Amino acid sequence: MSILGGGIFKGMAVTLRNFVGSYINKKERLPTNDYSWRADGALPQSIGDYPKEKGEQLSDTTTVTEYSRNFPMLLHDGGEPMDTVRCVACQICERECPPQCIYIEKDYDENGKYIKRPAVFDIDVSVCMSCQICVEVCPFDAIVMNSQFELSTPNRFGGLLVRRDDLLKSNDYYHKIHPEEAAARDGKMATEKAAKEAKKKAAAEKAKAAAEKKAAEAAKEEAK
Amino acid sequence: MSLELLIDILIATVPLMLIFATLFAFTTWLERKALARIQNRIGPNKVGIPCTRIGLFGLGQPAADGIKMIFKENIVPRGADRLFHLLAPILALIPSMLVLCFLPLDFPWLNEDSVKAFLLDGAVIFFFAITGLNTLAVFMAGWASRNKYSLLGGMRAVAQMVSYEIPLVLSAVIVVMMVGSLNAGEIAGVQTGGNWFVFSPWGFAAFVIFFIAALAETNRSPFDLPEAESEIIAGYFTEYSGFKFALFFLAEYIAMFAISGLAVTLFLGGGDGPGLAVAPWLSAVWFLAKIFGFIAVMIWLRGTLPRLRVDQLMGFAWKFMLPISILNIFVAGFAWHAEQLGNRYITVITWVISLAVLYGAACGLNQLNRGKVRPREYKYAE
Amino acid sequence: MSTAAAPNYELIQQDGLETNLLEVSMGPHHPSTHGVFRMDVKLDGETVVDLRPVFGYLHRNHEKLAENMSYLSSMPFTDRLDYFNSMSNNWAYALAAEKLIEVEVPERAEYLRVIMAELTRLVNHVSLVGFFINDLGALGTPLLYAFREREKILDLFEQASGARMMCNYFRFGGLRNDVPEGWLERAAKVVDHFPIFLDEYEQLLCENEIILSRTQGVGNLSRQLAISAGVTGPMLRASGVAYDLRKVDQYGIYDRFKFRVPYTDGDTGDCYDRFMIRMLEMRESIEILKQALAGIPKGEIMGNAPRVFKPKPAESYGRIEGPKGELGFYLIADGTPKPYRYRVRPPSLINLTVLRDMCLGGKIADAVIILGSIDIVLGEVDR
Amino acid sequence: MNEEIAFWILSAIAVLGALVAVRKRNLIHGVFALLVFFAGLSGLFLLLLAEFIAAVQVLVYIGAVGVLLLFAIMLTERVAGDDNRRMTSRGWRWGLVMAAAVFVVLLLRPIQKWPSPEPPQPIKPSVEELGKKLMNPYVVTLEVLALLLTAALIGAVTAAQGVRMPKEEDSQE
């Protein structure tokens with residue numbers, strides 16, 4: 001026959017073991033300290049006193065994982081952002097966005113001609129649910145996820161509406177926060193570009209060949 | 001009124017209240033910290049010295065909590081009985097503070113007269129009489145809040161406290177029987193030199209019963225039904241906020257100290273401990289240390305156990321604790337008479353018999369009450 | 001729904017000794033109703049004589065929303081149904097849509113799907129047991145132990161999908177992205193550690209006299225009622241029906257794994273059974289996870305399914321054995337990029353329908369733990 | 001001197017409590033006022049150095065009787081009444097006569113011995129003495145009382161439980 005309250009004593013042994021263990025084996029028992037996925041496997045010093053002391057690079061890969069996603073950003077390829085912005089304001093993301101938090105207006109020059117870039121690109125991050133659908137449907141690899149999370153603001157209305165100029169981030173920054181993903185995306189873009197160019201080249205060559213042929217034929221004709 | 005008497009009374013009471021109020025603050029910190037560690041958390045660790053970054057393991061937390069409690073809005077629900085809503089926390093605090101006087105705490109600054117003022121002949125019975133008043137405060141709070149959860153909590157509390165008072169008193173009766181006195185100082189005095197009551201079968205049984213009943217009396221887990229969060233929100237103090245809530249909180253912890261102090265007096269030799277011959281002031285230290293032993297076990301239990309259901313709680317009091325404590329009184333009486341004979345063999349035999357009787361009775365009752373409750377086997381489908 | 005179980009409690013009032021029933025409205029902001037759920041309880045003393053569940057406080061128009069957006073766009077919304085098990089929800093929806101567009105899922109993606117779904121099951125069961133013991137009145141200790149382990153799995157989810165709870169990881173025809181390097185090793189480590197934790201957990205809970213006496217004989221659900229009410233999942237198995245869609249449907253690649261399905265004789269079907277069945281199921285999930293992690297091949301994770309598509313007019317029903325029961329998605333396509341009809345079969349809601357039958361005659365504290373043992377998430381009940 | 005002050009204070013509390021208890025229409029208030037009266041009485045006992053009686057007064061009257069009354073009130077329909085009724089009931093004159101008569105009877109002995117009251121016996125109140133008295137001459141009374149109370153308790157339990165019928169076999173629909 002089991003002793004009286006045996007199960008209770010067993011449970012108490014478990015809690016005692018956890019109590020003592022939380023002082024001895026901190027890493028196992030207090031798993032908020034588990035940063036083993038990081039290169040150095042330790043809690044970044046800057047996080048220790050967050051938010052009293054804000055770390056400089058809280059949003060880069062020292063504190064968040066590779067696939068971490070928070071809110072979208074627009075990519076440009078360096079230099080003056082609006083010159084190299086990849087977005088062409090095609091509005092696919094606006095249509096596909098499940099909570100419909102994206103608002104885009106196309107840009108036109110003085111003559112009313114459509115130039116392939118957005119005049120307005122707003123994301124209401126108070127509505128955005130970080131689902132990354134916009135990234136997936138974008139055919140131009142122009143919109144990707146940022147991992148910046150320090151966005152709190154006292155302004156309820158304008159404060160969380162991120163405008164185009166704040167959304168624009170360079171490809172280098174993208175490489176910094178998501179190295180693997182950015183490399184893959186660049187690779188994909190390069191192959192696509194190469195394919196496109198190859199196609200173009202092929203088309204050009206074909207045209208050239210056709211022209212040569214034509215020329216040859218014409219020459220033949222002339223020779224006749 | 002003679003000034004001397006007044007000063008004596010003040011010397012005896014004011015430090016007592018201050019010490020226990022401080023200990024209360026410390027205990028809230030200790031409980032949060034210990035529970036956090038049991039649950040693999042860190043617990044309060046930020047609040048230390050204001051305006052600096054010194055954390056001091058969060059020892060400033062009770063002070064910060066106190067300040068918050070004082071400045072919080074005092075909300076009285078519409079339709080509540082305003083007078084009783086105000087009186088209930090005060091009525092809860094007074095008895096718990098009052099009974100501290102009956103503990104035989106030998107502080108070095110006490111002189112003969114001030115000690116005598118409190119060491120009444122019937123200290124033990126006074127203790128029980130006055131702790132009984134807590135019931136009324138709880139009921140008052142539950143009724144005055146005009147809230148169904150409060151009312152349920154108040155009803156539960158009253159039923160529980162009244163039921164568990166019986167095994168509590170009956171197990172204390174054993175010690176009173178053995179000593180032949182209701183005087184707390186005398187009871188503690190008999191046990192000096194490690195001759196504690198807990199080191200005998202009936203004493204141990206009484207101690208365990210007393211401890212369990214004390215848990216129920218102070219509404220500690222696993223008997224915290226009156227404030228069962230998952231069922232009736234916060235029970236009788238659902239509608240209390242701010243300082244009134246703080247008073248309830250304080251009263252509850254002081255009651256914990258008081259009942260632990262009584263357990264120490266009755267079963268653990270009061271201020272008895274090594275080194276008393278050299279430094280008599282150690283007596284108070286030992287006493288408080290033993291109280292904290294109790295508090296630690298209470299915290300540990302709170303971190304481990306879920307709570308009983310209301311019918312099981314009452315069943316446990318009436319079907320298990322009461323028969324065992326009544327049986328224990330007989331066993332103790334039998335043992336007392338056997339010890340009067342002064343024969344060592346008879347004493348040993350008495351011990352064995354009483355151990356066997358108590359253990360057998362406990363197992364039998366447990367078996368009876370348990371019914372079909374036991375771990376089960378399960379099948380698997382491939 | 002038929003009320004097959006008659007109230008097993010009846011108080012014949014005597015003349016002159018009448019007591020009033022106390023009506024308590026538990027919720028929608030009661031600490032233990034697991035969200036915004038309300039129970040209108042009629043109490044005689046502490047005994048429940050009548051109970052009426054009231055829900056709909058968290059209704060978010062999920063189904064109608066999904067009918068107004070493309071198939072892919074409602075994938076992130078399925079995360080928010082049962083926010084504990086976003087991976088499983090994704091899978092059920094992906095299954096339904098994949099039937100419409102008929103795409104093949106690559107081998108590696110199938111394995112990863114199983115891994116994610118079983119990790120989700122661990123997360124769900126372990127937190128459910130924690131919440132359940134919390135409802136029993138423990139001060140959160142088992143819950144926090146559970147969360148300690150859950151945290152490790154959520155870290156895995158975060159590394160793989162970028163979010164801890166709203167994973168949004170499954171896609172029609174595969175997964176959104178491959179797991180990062182070293183992820184599988186880390187998952188294997190977590191899975192290997194899990195039984196150690198389960199041993200500790202069982203030692204803490206399974207023999208505790210208070211838990212035994214609180215849960216046994218409380219909230220009995222007969223096999224007959226369970227079947228006729230459409231109850232599924234661990235609750236059904238606790239009532240003595242060995243029915244598991246992983247065995248019955250063998251969706252995905254579940255036919256490749258060896259695992260067992262725990263169930264009871266159906267004599268009791270009480271809260272203790274429901275609690276224990278979940279504890280045992282976790283062990284089986286670990287077995288599946290071990291096999292899947294050992295057998296996962298290299299390769300593509302995304303089939304050739306398009307992101308945005310217009311399926312031919314058809315209807316499909318995809319269902320999985322979610323941690324809470326059978327989770328099904330029913331779709332009708334009409335040739336446009338949006339579904340014509342989108343319907344969720346939420347296990348939480350259907351399991352909740354037997355609440356009244358289980359609670360009558362018990363104490364108010366029993367009603368709380370019975371609700372806890374059903375394992376509901378209001379996001380799924382109200383949708 | 002000290003004792004006199006204490007006596008007057010305690011008496012005032014007791015009388016006030018009693019008055020409020022009679023006066024209040026709200027039953028819960030009334031019971032609590034009654035308990036205040038009991039507490040004042042217990043203080044008076046303490047003043048007479050009758051510790052045990054004082055403790056028992058608190059234990060039994062405040063602890064037990066008070067809670068009993070509260071529980072009984074909880075079972076009634078209307079707890080709070082209006083407080084605006086007449087101060088006195090109709091038969092108050094007869095009540096006054098009765099009170100005066102009781103008072104006179106109680107004072108009869110002191111009045112008889114008016115010129116030279118007996119000096120009070122120096123008694124040493126002790127729990128032990130009381131216990132011996134209770135267990136020797138009055139043991140039969142005590143036991144009979146205990147039996148009566150137990151019977152009352154069982155009766156109360158039976159009455160409160162009501163009649164619980166066995167579950168009827170419902171025909172399946």
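A residue counts as buried if 20 or more other C-beta atoms lie within 10 Å of its own. By that test, 49% of the 382 residues of chain B are buried in this predicted model.

**Confidence**

For the complex, the predictor gives an ipTM of 0.79 and a pTM of 0.83. Chain D has an average pLDDT of 76, and 73% of its residues score at least 70. In residues 165–173 of chain D the pLDDT is below 50, and beyond near neighbours in sequence this stretch has six contacts in the model. Where pLDDT is low, the predicted coordinates should not be read in detail.

**Chain B**

Chain B contains 14 helices and one strand. Its radius of gyration is 22 Å, close to the 21 Å that the globule rule gives for 382 residues, so chain B is as compact as a globular protein of that length. The C-alpha trace of chain B spans about 80 × 65 × 45 Å along its principal axes. Of the contacts in chain B between residues at least 6 apart in sequence, 77% join residues at least 24 apart.

Chain B is divided into domain 1 (15–71) and domain 2 (78–308). The centres of these two domains of chain B, taken over C-alpha atoms, are separated by 22 Å. Where they touch, 15 residues of domain 1 of chain B are in contact with 16 residues of domain 2 of chain B. On the domain 1 side, helix H1 (3–38) and helix H2 (61–71) of chain B each supply at least two residues. The largest share, eleven residues, comes from H1(B).

**Chains A and C**

Between these two chains, 29 residues of chain C are in contact with 25 residues of chain A. Four elements of chain C give two or more residues to its side of this contact: helix H2 (75–79), helix H5 (141–161), helix H6 (183–205) and helix H7 (209–215). H5(C) provides the largest share, eight residues.

The table sets out the classes of residue on two of the sides described above.

| Side | Nonpolar | Polar | Charged |
|---|---|---|---|
| Domain 1 of chain B, touching domain 2 of chain B | eleven residues | three residues | one residue |

**Strands in chains A and C**

Strands of a sheet pair through backbone hydrogen bonds, either parallel or antiparallel. In chain A, three strands form an open sheet in the order E2-E3-E5, and the pairing is antiparallel. Strand E2 (102–108) and strand E5 (161–162) of chain A stand at the edges, each with a single partner strand, so one side of each is left without a neighbour in the sheet. Strand E3 (residues 114–124) of chain A pairs with E5(A) in the antiparallel sense over two bridges. Within E5(A), Val162(A) is the bridge partner of Ile123(A).

In chain C, strand E3 (residues 38–44) and strand E4 (residues 47–54) also pair in the antiparallel sense, over seven bridges. Val41(C) stands opposite Leu51(C) in E4(C). What do E3(C) and E4(C) form, and how many residues lie between them? They form a hairpin with two residues between the strands. In the turn, Gly45(C) has a positive phi of about 70°.

Notes:
Residues are numbered from 1 along each chain as its sequence is written. Chains are lettered from A and ligands numbered from 1 in the order in which they are written. This is a predicted model: local features need pLDDT of at least 70, side-chain atom pairs count only at pLDDT 80 or more; totals for chains, interfaces and linings use all residues. The radius of gyration is taken over C-alpha atoms; the globule rule is 2.2 Å times the number of residues to the power 0.38. A residue is buried if 20 or more other C-beta atoms lie within 10 Å of its own, exposed if 12 or fewer, and partly exposed in between; C-beta atoms are placed from the backbone. Two residues are in contact if their C-beta atoms, placed from the backbone, lie within 7 Å. Two strands pair if DSSP finds at least two bridges between them. Domain bounds come from an automatic or database domain assignment. Ala, Val, Leu, Ile, Met, Phe, Trp, Tyr, Cys and Pro count as nonpolar, Asp, Glu, Lys and Arg as charged, and the others, Gly among them, as polar. pLDDT is the predictor's confidence in each residue, from 0 to 100.
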